[in-house]
Amino acid sequence: MPIRYGVVGTGMMGIEHIGNIRALDGAAVTAVADPYGPSRQAAREALRGQEIAVFDTHRGLIDSGLCDAVVVAAPNMTHIELLRDLMDTELHLLVEKPLCTRVEDCRWVVEAQRERKAVLWVGMEYRYMPAIARLIAEVRRGAVGDLRMLAIREHRFPFLEKVKHWNRFNANSGGTLVEKCCHHFDLMNLIIGASPIRIYASGSQAVNHLDERYGGRRPDILDNAYVIVDYEGGRRAMLDLCMFAEAGQNQEEIAAVGDRGKVEARLPSGVVVTGVRGGAWFSPEIEKVTDDRIAYTGSHHGASYLEHLDFLAAIRNRTPALVTADDGLLAVAMGVAAQRSIAEGRPIELAGAALGRPPLLSARSALHRAGQDAGDEEPLEGEEHDDRQQGREEGPRRQ
Ligand SMILES: NC(=O)c1ccc[n+]([C@@H]2O[C@H](COP(=O)([O-])OP(=O)(O)OC[C@H]3O[C@@H](n4cnc5c(N)ncnc54)[C@H](O)[C@@H]3O)[C@@H](O)[C@H]2O)c1
């Protein structure tokens, strides 16, 4: 029996999900829901020749009983209300990033998921981009030795037009460092495999959307930022985000450096550069990485298709999600903290108050995936640090 999928929100990303599901073996889209007529029509066209039920609310889709799994690809600010209803069912859920726009809502999802048996998976498909997946694998196999520094550069085009311009305002998207950069923070956590402890950021809205007005309001979203994250164990990561930089060759450039060597991944070129110290300088291995399993490329180098393969496998095999609600919470919390750092001009501690709850479950799951011992018996770091956190939050930390 094919797994029957519903898609809630059939704008740009919902249509990509439909393309992915159509390309999967043993899966079929049976229902879609979207309040916007043109998006419903886009779904009908993407599924032409197939019998599907079309609803204008998620409630109609849930009540239809036509689905085993649902993909949530509606605007960020709607995720929490949709999840409140969807998590009250036994449907398997793939919810697009960011999990929610607010940390407290993400925490609600984490708690609610503890009571559920069905899969809840957060759409973090950057992990699955072939060049990035290779970088992660190289770091895992020790190619760089003890990883000390991770730099992620995303230099890209401005935010695209969305249905009813929802992504132009922080209140809807959670802000650029949540909306866009939850991907980057998730990668940092996964690759470093330790807990983030502090975040410092500087950013602004310098170039984009300044002339636009919606209902008389000017968009308020950041278009550039530098973000530094300190991790436990003295590891550090940085993000260089520029959203008026489409004039370059690559959009993403990631560099992981340890005591033994360095691995870089570049997209869209798909190039991975691996070098070991001690040999001739500037003579790394250079490889263009692809993944033969990709049956649908979409707008994300086939990554969202690869993620669907794993989501489907988790449903079929009754195995846990590989991108969990905890992962989604941590990435959102880091984005929120980074934006707060910009607003307040100071570093933000990530344990305790900034997160509202210890994020360490996530880093632990990353460690478990890496086959390392995350130390199950130890208390969660956020719990350990909660009291000290009160003191830390009173003023800027001098570095
Ligand atoms: N993983 C990625 O790389 C990636 C890329 C793009 C977008 N996204 C995420 O996907 C989601 C959708 O983004 P998009 O780019 O497709 O936006 P979009 O504006 O193109 O489409 C959103 C659709 O959701 C519909 N919608 C609004 N409220 C709804 C509701 N209550 N129930 C059902 N549908 C509703 C809108 O009418 C619209 O058709 C967002 O969460 C976004 O952050 C993720």
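Which handedness does the crossing have where helix 9 passes helix 11?

Residues are numbered from 1 along each chain as its sequence is written. The model is a predicted one, so local features need pLDDT of at least 70 and side-chain atom pairs count only at pLDDT 80 or more, while totals for chains, interfaces and linings use all residues. Helices (H or I, at least four residues) and strands (E, at least two) are DSSP runs, numbered from the N terminus, and two strands pair if DSSP finds at least two bridges between them.

Let us start with the open sheet of six strands, whose order is 3-2-1-4-5-6 and whose pairing is parallel. Strand 3 (53-55) and strand 6 (120-123) stand at its edges with a single partner strand each, so one side of each has no neighbour in the sheet. From one strand to the next, the twist averages 25 degrees.

Next comes the ligand. Around it are 27 residues, of which Gly9, Gly11, Met13, Tyr36 and Ser39 come nearest; a residue is near a molecule or strand if its C-beta atom, placed from the backbone, lies within 6 Å of it. Helix 1 (residues 12-23) gives the shell its largest share, three residues. Sorted by class, the shell has 11 nonpolar, 10 polar and six charged residues. Here Ala, Val, Leu, Ile, Met, Phe, Trp, Tyr, Cys and Pro count as nonpolar, Asp, Glu, Lys and Arg as charged, and the others, Gly among them, as polar. Domain 1 (3-125) and domain 2 (127-297 + 326-387) each supply at least three residues to the shell, with domain bounds that come from an automatic or database domain assignment.

The other sheet is an open one of nine strands in the order 14-13-12-11-7-10-9-8-15, and its pairing is mixed. Its edge strands, strand 14 and strand 15 (348-349), pair on one side only. Strand 12 and strand 13 pair in the antiparallel sense over six bridges; in strand 13, Val273 is the bridge partner of Glu264 and Gly275 that of Lys262. These two strands form a hairpin with three residues between them, and Gly270 in the turn has a positive phi of about 75 degrees. Strand 13 is also joined to strand 14 by four bridges, again running antiparallel, and Val272 stands opposite Glu287 in strand 14.

Helix 11 (residues 325-344) lies across strand 8 (196-204), strand 9 (224-231) and strand 15, running at about 55 degrees to strand 8. Axes are lines fitted to C-alpha atoms, for helices over the stretch in contact, and angles run from 0 to 180 degrees between N-to-C directions.

Two packed helices are described by the angle between their axes and the distance between the axes. For helix 9 (residues 182-192) and helix 11, the axes come within 8 Å and cross at roughly 115 degrees. The crossing is right-handed; a crossing is left-handed if the near helix is turned anticlockwise from the far one by less than a right angle, and right-handed if clockwise. Cys182, Phe185, Asp186 and Asn189 of helix 9 meet Asp327, Leu330, Ala331, Val332, Met334 and Gly335 of helix 11, where contact requires C-beta atoms, placed from the backbone, within 7 Å. By class, these residues divide into six nonpolar, two polar and two charged.

Finally, some backbone details are worth a look. Most residues other than glycine have a negative phi, and most peptide bonds are trans. A cis peptide bond joins Lys97 and Pro98, with omega about -20 degrees, and Pro98 is in the loop between strand 5 (92-96) and helix 5 (103-114). Leu267 and Pro268 are likewise joined by a cis peptide bond, with omega about 15 degrees. His301, although not a glycine, has a positive phi of about 60 degrees.

Notes. Contact = placed C-beta atoms within 7 Å.
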